[in-house]
Amino acid sequence: MKALKKVLIFGGTHGNEWTGIYAVKKYAESLSQEFKELDLHFILANPEAHKINKRFKDEDLNRAFQFLHEDRPDSYEHRRAKELKALIDAEACFVIDLHTTTSNMGNTVIISHNQPTNFHVAREMTKSLPDCRVIVSPDPSKKYLASQSDFGMMIEVGPVANGVLSGEVLEGTVQVLKEVLRGISTLATLTGGPLEIYEEIEDIFYPQNENSELDGYIHPAFQGQDFKPIEGRYTPFKTFDGKEVSLETKERLYPIFINEAAYYPQLLAFTLCRRKMMNF
């Protein structure tokens, strides 16, 4: 497998996700020393959003790349997406985008491009971190920052509230980042094999009333059950008047991003995944 030396590591794509910001600010020197064989670049992706401690200033930077062909002169994130796209396109590189979630996801990496290189790196990482799950989230419109290179992934760790640092989540993020970098540094010697993945297949939305307003919440028994298998009938919601809302699956599936705070504007409650083994 062809080696990749240049690695762009982004933190703060969402300005209120402090873990990636401080990973980029405080661990750049030590990681550069540890992985001297790689050309590491640490980049604060959305500094204006971080200044105001918000997910974004004008629009979500991690969705802005799909609109690069449009003229959006009043959007800071639109201009920033163009700058970051040019940086990524300048030379073949591996892109790592650091994120956190309010959901009980643990340590995960998210791959959007079906490239053997990405799966090789993920497989190597899971050898050292078997509890780190690999999510496949296809991105045909290339809206994500990490999708701007064929080679890359998001690191997503939680749970942690927005705008704060959690030692466990910060250390988990740095640990996953180190193992991903170790995988990149040994790409030339890696061979294919099996890899367990969670493939996103369906988004589930909150109960809504006739005016498309929120009309329920995550059932207490379902809260925090990310990656726990469900099959057949299950009860993810309660309405505000106390009624339980059940749904049904036709196969064993796994919910992720349960009750993620950032997804309330879309009324997105969680996503269902299919777990499977892939070979490459």
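This is a predicted model: local features need pLDDT of at least 70, side-chain atom pairs count only at pLDDT 80 or more; totals for chains, interfaces and linings use all residues.
Residues are numbered from 1 along each chain as its sequence is written, and side-chain values use heavy atoms, with hydrogens and water left out. Helices (H or I, at least four residues) and strands (E, at least two) are DSSP runs, numbered from the N terminus.

**Inside the fold**

- The largest nonpolar core has 39 residues, and I9, I96, V180, L181 and I184 have the most contacts inside it. 
- Helix α7 gives this core its largest share, 6 residues.
- A nonpolar core here is a set of buried Ala, Val, Leu, Ile, Met, Phe, Trp, Tyr and Cys residues joined through side-chain atoms within 4.5 Å. Buried means under 20% relative accessible area, exposed means over 50%, and partly exposed is in between (1.4 Å probe, protein chains only).
- Take V180: leaving aside neighbours within four places in sequence, V180 is in contact with F94, I96, V121, M125, M153 and I155. Contact means heavy atoms within 4.5 Å.
- Another core, of 28 residues, lies apart from the largest one, and A64, A146, M154 and C273 are among its members.

**Salt bridges**

- Side chains of opposite charge can pair when their charged atoms come close. A salt bridge is counted when a side-chain nitrogen of Lys or Arg is within 4 Å of a carboxyl oxygen of Asp or Glu.
- Searching the whole structure turns up 19 salt bridges.
- One of them joins the side chains of K6 and E91, at 3.5 Å from N to O. K6 sits in strand β1 (residues 6-11) and E91 in the loop between α5 (76-89) and β3 (94-100), so this pair ties together parts that are 85 residues apart in sequence.
- Within that pair, K6 counts as buried because its relative accessibility is 11%, while E91 is partly exposed at 44%.
- E179 and R182 also meet in a salt bridge, at 3.3 Å from N to O. They are 3 residues apart in helix α7, so about one helical turn separates them.
- E179 is buried at 13% relative accessibility, whereas R182 is partly exposed at 34%.
- A network of salt bridges links E34, K178, E179 and R182.
- K57 and D58 pair up through their side chains too, at 3.5 Å from N to O. K57 is partly exposed at 42% relative accessible area, and D58 is partly exposed at 34%.

**On the surface**

- L214, Y217, F240 and Y264 make a nonpolar surface patch of about 350 Å². Patches are built from residues with over 30% relative accessible area and no salt bridge, joining like charges within 9 Å and nonpolar side chains (Val, Leu, Ile, Met, Phe, Trp, Tyr) within 5 Å. The areas come from the Shrake-Rupley method with a 1.4 Å probe, and for residues, only the protein chains shown count as cover.
- F240 lies in the loop between β9 (233-239) and β10 (244-248), and counts as exposed because its relative accessibility is 54%.

- Most residues other than glycine have a negative phi, and most peptide bonds are trans.
- G158 and P159 are joined by a cis peptide bond, with omega about 10°. P159 is in the loop between β6 (151-158) and α7 (167-185).
- N53, which isn't a glycine, has a positive phi near 55°. N53 is in the loop between α3 (47-51) and α4 (61-64).
- S212 isn't a glycine either, yet has a positive phi of about 60°. S212 is found in the loop between β7 (194-205) and β8 (216-218).
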